[in-house]
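Keep the sequence and the 3D view open as you read.

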Amino acid sequence: MREPATPQPERCELCGQALPAEHRHLVETELRALACACQACTMLFAQAGAGGGRYRAVPDRYLVDPDHRLDDSAWEQLQIPVSTAFFFRNAALERLVALYPSPAGATESELDPQTWESVLGRSDLSAHLSDDVEALLLHRAPGRTECYLVPIDICYELVGRMRLHWQGFDGGAEARADLAAFFERVRARARTLPKGELP
């Protein structure tokens, strides 16, 4: 009987260097895809326009603005059928993209630009949002809706986690527990956006 193959470490998709479990990502902007990257390759693409803009390094910042509150009517305007969604600006398409986790993966929602502007577009967090590599992550809970500026890769991590744990019509207890733990980690990492800080 053959021994199972030893798992191979993930490698940087640009230079081939072996990567630790916790590593950074690049966005391949035209394909809207994530690429695993080592620290050196991440630094190469940290500046906007590096390499002709094909790749952009995903930042590692988490921000929250406690003064920006979203009520139930604002959530209804967004027309998102679940309790969690993320929004980012796609530079190649020159438009905003709204996505939410589902059993099938990331599901795109049509978002009217005027709705975006009235609900989120005038917020301080939106002013700091970097195209393609960061997102506004929203989570609706009883009595409140949380909004964070986060790296885009953790949004896709959340999509993968929900797809893995989802059961039944509403996701099930395991998916809800994982979602709660995920947002606990986001809250712990988020720093308050200082008032008057320029993008």
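## A walk through the model

The side chains of His139 and Thr84 are joined by a polar contact of 3.0 Å. Before going further, bear in mind that this is a predicted model. His139 belongs to strand β8, which covers residues 134-141. Is His139 buried or exposed? It counts as buried, because its relative accessibility is 10% and the cut-off for buried is under 20%. Who does His139 touch, once we skip residues up to four places away in sequence? The list is Ser83, Thr84, Arg144, Thr145, Glu146, Leu179 and Phe183.

Another histidine to find is His128, in helix α4 (residues 124-128). A polar atom of the His128 side chain sits 2.9 Å from the backbone oxygen of Asp124. His128 counts as buried too, at 6% relative accessibility.

Now for the rings. The model has five aromatic pairs.

Next, the largest pocket. It holds about 520 Å³ of space. Which residues come closest to its centre? Out of 21 lining residues, they are Glu22, Tyr62, Asp153, Ile154 and Glu157. Elements that give two or more residues to the lining are β1 (24-28), β2 (33-37), α5 (152-165) and α6. What sort of residues make up this lining? Eleven are nonpolar, two are polar and eight are charged.

Let's move on to the loops, starting with Phe45, in the loop between α1 (39-44) and β3 (55-57). Phe45 counts as buried, with 13% relative accessibility. Leaving out neighbours within four places in sequence, its contacts are Leu14, Leu26, Ala50, Gly51, Tyr55, Arg56 and Ala57. Gly121 is 76 residues from Phe45 along the chain, and their C-alpha atoms are 27 Å apart.

Arg32 is in the loop between β1 and β2, and Gln79 is in the loop between α2 (72-78) and β5 (84-90). Phi is positive in Arg32, which is not a glycine, and Gln79 has a positive phi without being a glycine either. The table puts their values side by side.

| Residue | Phi | Relative accessible area |
|---|---|---|
| Arg32 | near 55° | 33%, partly exposed |
| Gln79 | about 55° | 62%, exposed |

Why does Gln79 count as exposed? Its relative accessible area is 62%, and exposed means over 50%.

Notes:
Residues numbered from 1 in each chain as written. Predicted model: local features only at pLDDT ≥ 70, side-chain atom pairs only at ≥ 80, totals over all residues. Heavy atoms only, no water. Helix = DSSP H or I, 4+ residues; strand = E, 2+ residues; numbered from the N terminus. Buried < 20%, exposed > 50% of the residue type's maximum accessible area, 1.4 Å probe, protein only. Polar contact = N/O pair within 3.5 Å; in protein donor to acceptor, adjacent residues only side chain to side chain. Contact = heavy atoms within 4.5 Å. Phe/Tyr/Trp six-rings, centres within 6.5 Å; stacked < 30°, edge-to-face > 60°. 1 Å grid on protein atoms, 1.4 Å probe; cavity = no way out; pocket = protein on both sides within 12 Å on 5 of 7 lines; lining within 4 Å. Points joined across faces, edges and corners; volume = space filled by probe spheres on them. Nonpolar A, V, L, I, M, F, W, Y, C, P; charged D, E, K, R; others polar.
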